[in-house]
Amino acid sequence: VQLQASGGGLVQAGDSLRLSCMVSGRVFIDYNMGWFRQVAGKEREFVAAVSTGGGVTVYSRSVKGRFTISRDDGKTTVYLQMNSLKDDDMAVYYCAAQEDVNDNWRRARFGVSYGYWGRGTLVTVSS
């Protein structure tokens, strides 16, 4: 599975940004998809995840109500719409694919449950 994230950039606090992650190489509909982020020197942090078919989504407390994860199975792409961006949102954002087997969805918040990762895309927020 290959994942290609894009959409990062420099924005001001309060602005919006949409990240995209295109997936190729496997059957996209068989994978739950997640977004994580990492700041240099800190551990990787869960942001959001969407189940196969898009029926269920989960968010971290820090982004719930501001970010929206969605997927387009026809385009094999997962999105992260980020609104009301804050300084704390500044990080490298990574998309990841989790095979939908063995109740993996229960572990959607844990990066170790994802088998495939894309290169990150940098989001910089200026205040």
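1. Basis. This is a predicted model, in which local features need pLDDT of at least 70, side-chain atom pairs count only at pLDDT 80 or more, and totals for chains, interfaces and linings use all residues. Residues are numbered from 1 along each chain as its sequence is written, and side-chain values use heavy atoms, with hydrogens and water left out.

2. Take contacts in the protein with a separation of 6 or more: 59% of them join residues 24 or more positions apart. Contact means heavy atoms within 4.5 Å.

3. Secondary structure. The protein has zero helices and 11 strands. The order from the N terminus is β-β-β-β-β-β-β-β-β-β-β. Helices (H or I, at least four residues) and strands (E, at least two) are DSSP runs, numbered from the N terminus.

4. Overall size. The C-alpha trace spans about 40 × 25 × 25 Å along its principal axes.

5. Surface and burial. Of the 127 residues, 42% count as buried. Buried means under 20% relative accessible area, exposed means over 50%, and partly exposed lies in between (1.4 Å probe, protein chains only). The protein exposes about 6800 Å², and carbon and sulfur atoms supply 46% of that area. Areas come from the Shrake-Rupley method with a 1.4 Å probe; for residues, only the protein chains shown count as cover.

6. Charges. There are 15 positive and 12 negative charges, and their mean positions are 2 Å apart. Lys and Arg count as positive, Asp and Glu as negative; His and the chain ends are not counted. Each charge is placed at NZ of Lys, CZ of Arg, CG of Asp or CD of Glu.

7. Main core. The largest nonpolar core has 29 residues. Met33, Trp35, Leu80, Met82 and Tyr93 have the most contacts inside it. At least two residues of this core come from each of β1 (2-6), β3 (17-24), β4 (31-38), β5 (45-50), β7 (67-72), β8 (77-82), β9 (91-99) and β11 (121-126). A nonpolar core here is a set of buried Ala, Val, Leu, Ile, Met, Phe, Trp, Tyr and Cys residues joined through side-chain atoms within 4.5 Å. A second, separate core has seven residues, including Phe46, Ala49, Ala96 and Tyr114.

8. Tyr93. Beyond residues up to four places away in sequence, Tyr93 touches Leu19, Trp35, Phe36, Arg37, Val47, Phe67, Leu80, Met82, Arg119, Gly120, Thr121 and Val123.

9. Met82. This residue lies in strand β8. Met82 is buried, with a relative accessible area of 0%. Gly54, 28 residues apart from Met82 along the chain, is 18 Å away, C-alpha to C-alpha.

10. Buried loop positions. Ser60 sits in the loop between β6 (57-59) and β7. At 8% relative accessibility, Ser60 counts as buried. Its contacts, leaving aside neighbours within four places in sequence, are Phe46, Val47 and Arg109. Gly111 is in the loop between β9 and β10, and at 11% relative accessibility Gly111 counts as buried. Gly111 touches Phe36, Arg44 and Trp117, not counting residues up to four places away. Gly111 and Gln98 are 13 residues apart in sequence and 9.0 Å apart in space, C-alpha to C-alpha.

11. Exposed loop positions. Gly74, in the loop between β7 and β8, is exposed, with a relative accessible area of 72%. Its C-alpha atom is separated by 29 Å from that of Val11, 63 residues apart along the chain. Glu43, in the loop between β4 and β5, is exposed, at 71%. Leaving aside neighbours within four places in sequence, Glu43 is in contact with Arg37 and Gln38.

12. Positive phi. Which backbone values deserve a look in Ser84? Phi of Ser84 is near 50°, a positive value in a residue other than glycine. Ser84 is in the loop between β8 and β9 and is partly exposed, with a relative accessible area of 40%. Phi of Asp103 is near 55°, also positive in a residue other than glycine. Asp103 belongs to the loop between β9 and β10 (116-117).
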